[in-house]
Amino acid sequence: MEHETLGQIFIITMLSSNLVLAMFLGLCPFLGVSGKLETAVPMGIATSFVMLVASLCSYALNVLLTHFDLEFLRLIAYIAVIASAVQLVEMVMKKFSPALFRALGIFLPLITTNCAVLGIALFQTARGYDFTQSVAFSLGGGVGFSLALILMAGVRERLNLSNLPSVMHGTALSLMLAGLLSLAFMGFGGIGVAR
Amino acid sequence: MSRSVIQASNMEQLLEGIWEQNPLFVMALGMCPALAVTVSAFNALGMGLATTFVLICSCTLISMLRHFIPKEVRIATYIVIIATFVTLVDYIIQAVSLALYEALGAFIQLIVVNCIILGRVESHAAKNPPLSALVNALGMGIGFTIGLFALGSVREILGAGKLFGISLFGEHFQPWVVMVLPPGGFFVLGLWLLFFAWLAKRKEQRPLIHAGDEAIMALRATTEKGARHGA
């Protein structure tokens, strides 16, 4: 992985191997919160922030755990770190924007069990990224997640106005849409060095 | 309650997880691993069994400990317990089949954030005795495994023309490659969900057709009564 520059990591994580549309991480909030644009944007920002914090903390934790030969505790330690980061975001949001806090509802604490966040932490460990690479990776992941969420919300808002058979409504249709978006994102595969 | 009644209710609970409340197709939970690892039937089966193991162990243990876990820190406790079993599974798969371990990659560790497990624990195991929790978890686990297998086999047959690595259609088959790529996962799962939604809708409508005549009779009776009352 040494030949990957920081820019490459950022772009690849954001577009061609987008967390949601190519790696299937974080589908629950992707399908759950993408109904409206006004909740999709803050959700994307909150998740990106948690990702960045989780990535930094888990990098430090990994160094510590490897030093003490405690790799088997890695998963539990990561989860604990992510849960605390989510708690932090929740408190900040409750203080500064109570309306938004209510709008996001159950999905805010559920960032803890968002596979995208844990996925970022686990993949950066598995690929052996150094500190700056980890930051680029988590930033790219966050921006990519927000991008997918916002695109999906835009499409679904338009779709509410169209005439569809009632069986199609709900998750099935969202998944089909996600498939089409995913096809579109595959087009970015030509950028940079695909893994 | 006689013994046979208890067994019957257990059986019902088991079947509910497999069919009526199928975690993947009806409740639409745990989709991340479902899409990511189901490029082949073998991977899907491995992932399903691993998830079932974690589900059964953590549900049973948490059900045994349900009177000792304080309410305020229950989620954190659950997650630590689940993470422990996931770590266990991670090492077991690494020891048993290195090929499967490499194919599933980080997704084994990501079982810990599978919504099915936390959902089952919170809504069932934390309120019921161990036997009931075990049966419920087993049903859900089997249901999830069947779901993954249905997804994985369709994608493998269409995308590679194989099932369990055995070629099905001969040499001239042109594989539909997009099915094993990410978009194919979304499409196949979407179609399965559509199928189940259609089944549910049909089931809803069927008794209505038979009940239709009675409903009309009842309606007519009430309107007549109302008319008479008004007069």
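This is a predicted model: local features need pLDDT of at least 70, side-chain atom pairs count only at pLDDT 80 or more; totals for chains, interfaces and linings use all residues.
A residue is buried if 20 or more other C-beta atoms lie within 10 Å of its own.

**Entry 1: chain A as a whole**

I first looked up how much of chain A is covered, and I found that buried residues make up 44% of its 195 residues. For its elements I noted eight helices and zero strands, and when I read along the sequence I wrote down the pattern α-α-α-α-α-α-α-α. The radius of gyration of chain A is 17 Å, close to the 16 Å that the globule rule gives for 195 residues, so I recorded chain A as being as compact as a globular protein of that length. Taken along the principal axes, the C-alpha atoms of chain A fill a box of roughly 60 × 45 × 25 Å. I also looked at contacts in chain A between residues at least 6 apart in sequence, and I found that 82% of them join residues at least 24 apart.

**Entry 2: confidence**

Among the elements of chain B, helix α1 (residues 3-20) has the lowest mean pLDDT, 70, whereas α3(B) has the highest, 90.

**Entry 3: where the chains touch**

How many residues of chain B are in contact with chain A? I found 32 residues of chain B in contact with 33 residues of chain A. On the side of chain B that touches chain A, the elements giving two or more residues are α2 (31-36), α4 (74-96), α6 (115-125) and α8 (182-230) of chain B. The largest share of that side, twelve residues, comes from α8(B). Sorting the residues of this side by kind, I noted 26 nonpolar, five polar and one charged.

**Entry 4: helix α6 of chain B**

I then followed α6(B), which is mostly covered, with eight of its eleven residues buried. Among the buried ones are Cys115(B), Leu118(B), Arg120(B) and His124(B). The buried residues of α6(B) pack against α2 (27-32) of chain A, together with α3 (41-64), α4 and α7 (130-160) of chain B.

Is Ile111(B) buried or exposed? Ile111(B) has its place in the loop between α5 (98-104) and α6 of chain B, and it counts as buried because it has 26 C-beta neighbours inside 10 Å, where the cut-off is 20 or more. Leaving aside neighbours within four places in sequence, I found Ile111(B) in contact with residues including Pro33(B), Ala50(B), Thr51(B) and Val54(B). The C-alpha atoms of Ile111(B) and Ile82(B), 29 residues apart along the chain, are separated by 8.8 Å.

Ala50(B) sits in helix α3 of chain B, and with 25 C-beta neighbours inside 10 Å it counts as buried too. Not counting residues up to four places away in sequence, Ala50(B) touches Val89(B), Ile93(B), Ile108(B) and Ile111(B).

**Entry 5: the nonpolar core**

Last, I looked up the largest nonpolar core, which has 113 residues, and those with the most contacts inside it are Ile82(A), Val117(A), Leu118(A), Ile82(B) and Leu189(B). The largest share of this core, eleven residues, comes from α7(B). For Leu189(B), leaving aside neighbours within four places in sequence, I listed contacts with Leu175(A), Met31(B), Ala34(B), Leu35(B) and Leu151(B).

Note on methods
Residues are numbered from 1 along each chain as its sequence is written. Chains are lettered from A and ligands numbered from 1 in the order in which they are written. Two residues are in contact if their C-beta atoms, placed from the backbone, lie within 7 Å. Helices (H or I, at least four residues) and strands (E, at least two) are DSSP runs, numbered from the N terminus. Ala, Val, Leu, Ile, Met, Phe, Trp, Tyr, Cys and Pro count as nonpolar, Asp, Glu, Lys and Arg as charged, and the others, Gly among them, as polar. A residue is buried if 20 or more other C-beta atoms lie within 10 Å of its own, exposed if 12 or fewer, and partly exposed in between; C-beta atoms are placed from the backbone. A nonpolar core is a set of buried Ala, Val, Leu, Ile, Met, Phe, Trp, Tyr and Cys residues joined through C-beta atoms within 7 Å. pLDDT is the predictor's confidence in each residue, from 0 to 100. The radius of gyration is taken over C-alpha atoms; the globule rule is 2.2 Å times the number of residues to the power 0.38.
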